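Please look through the sequence and the structure shown here before reading on. The notes that follow are grouped by topic.

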Amino acid sequence: MPHTHQRAWDQLSAQVVLEVPRAAGDASTVVDPSFRLDPEQVFGRCAPLVVEVGSGAGDALVAGALASPGRDFLALEVWRPGTGHALAKMAAATGGQALPNVRVVEVDAALALRTMLEPGTVEEVWTFFPDPWPKARHHKRRLVGPDFTDAVADLLRPGGRWRLATDWDDYARVMRDVVGAEPRLELESTDRFPLRPVTRFERRGTEAGRRITDLTYVRVD
């Protein structure tokens with residue numbers, strides 16, 4: 001990691017990055033499927049929970065946590081340099097302090113969402129600019145598919161929202177087809193989510209002439 005990111009990691013990770021039990025024989029990103037995280041215990045309060053899948057450099061995570069101190073934010077991020085970058089953003093925004101309503105778990109979210117949180121308890125799930133895997137032979141690696149959609153629908157409370165964004169038209173069509181086929185989720189809006197900041201991924205996309213698609217689905221039952 002760059003020096004500033006490593007410094008933020010050294011300063012803030014003990015307060016922000018959660019240690020969770022790992023699956024037997026796996027020391028990295030697979031959480032023990034018998035483990036259930038208790039947000040009230042982790043955050044020290046009972047508050048609406050936002051789960052960001054793939055927080056990357058932390059733009060949306062830090063902006064959201066600062067703008068909504070009454071909500072708790074749990075980021076699932078598999079890439080440690082991204083977490084270091086997010087912690088550096090947090091430190092820059094707070095004068096070096098940890099945000100009390102942010103926690104990060106280094107984990108494979110596609111697996112963890114199935115087991116780590118109690119179903120029907122999440123206020124919002126954010127999935128902003130997941131890897132588009134643009135080559136046709138790699139499409140099977142895309143995060144947003146039927147299994148992941150089912151897991152998100154399970155997690156959301158009735159009335160909870162799943163917010164997505166992508167700069168690939170093909171992936172946007174897949175998102176609408178796949179998520180639209182889930183009867184528990186209904187398309188609520190295609191407007192840009194006001195709390196979502198412009199990230200470097202979005203800038204790259206617009207500079208390359210790609211259109212940004214925002215989708216918000218609400219759990220209807």
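Which residues does Glu124 touch, not counting residues up to four places away in sequence? They are Leu49, Val50, Val51, Arg71, Leu156, Arg161, Arg163 and Phe193, where contact means heavy atoms within 4.5 Å.

This is a predicted model, in which local features need pLDDT of at least 70 and side-chain atom pairs count only at pLDDT 80 or more, while totals for chains, interfaces and linings use all residues. Residues are numbered from 1 along each chain as its sequence is written, and side-chain values use heavy atoms, with hydrogens and water left out.

- Glu124 lies in strand S4, which covers residues 122–128; helices (H or I, at least four residues) and strands (E, at least two) are DSSP runs, numbered from the N terminus.
- Glu124 has a relative accessible area of 3% and is therefore buried, a word that means under 20% relative accessible area, with exposed meaning over 50% and partly exposed in between (1.4 Å probe, protein chains only).
- The side chain of Glu124 makes polar contacts with the side chain of Arg71 at 3.3 Å and with the side chain of Arg163 at 3.0 Å.
- A polar contact is a pair of N or O atoms within 3.5 Å; within protein, one must be able to donate a hydrogen and the other to accept it, and residues adjacent in sequence count only if both atoms are side-chain atoms.

**The sheet**

- Seven strands, in the order S3-S2-S1-S4-S5-S7-S6, form an open sheet with mixed pairing, where two strands pair if DSSP finds at least two bridges between them.
- At the edges are S3 and strand S6 (185–189), each of which pairs on one side only.
- Strand S5 (residues 156–166) and strand S7 (residues 213–219) run antiparallel and are joined by six bridges, and Trp162 has Tyr217 in S7 as its bridge partner.

**Helices**

- Helix H1 (residues 3–16) has 14 residues and reaches 19 Å from its first C-alpha to its last, close to the 20 Å expected at 1.5 Å a residue, the expected span being 1.5 Å times one less than the number of residues.
- The buried residues of H1 are His5, Ala8, Trp9, Leu12, Ser13 and Val16, and what covers them includes helix H4 (80–94) and strand S3 (102–105).
- Helix H3 (residues 59–67) lies across strand S1 (49–53), strand S2 (72–76), S3 and S4, and runs at about 170 degrees to S2; axes are lines fitted to C-alpha atoms, for helices over the stretch in contact, and angles run from 0 to 180 degrees between N-to-C directions.
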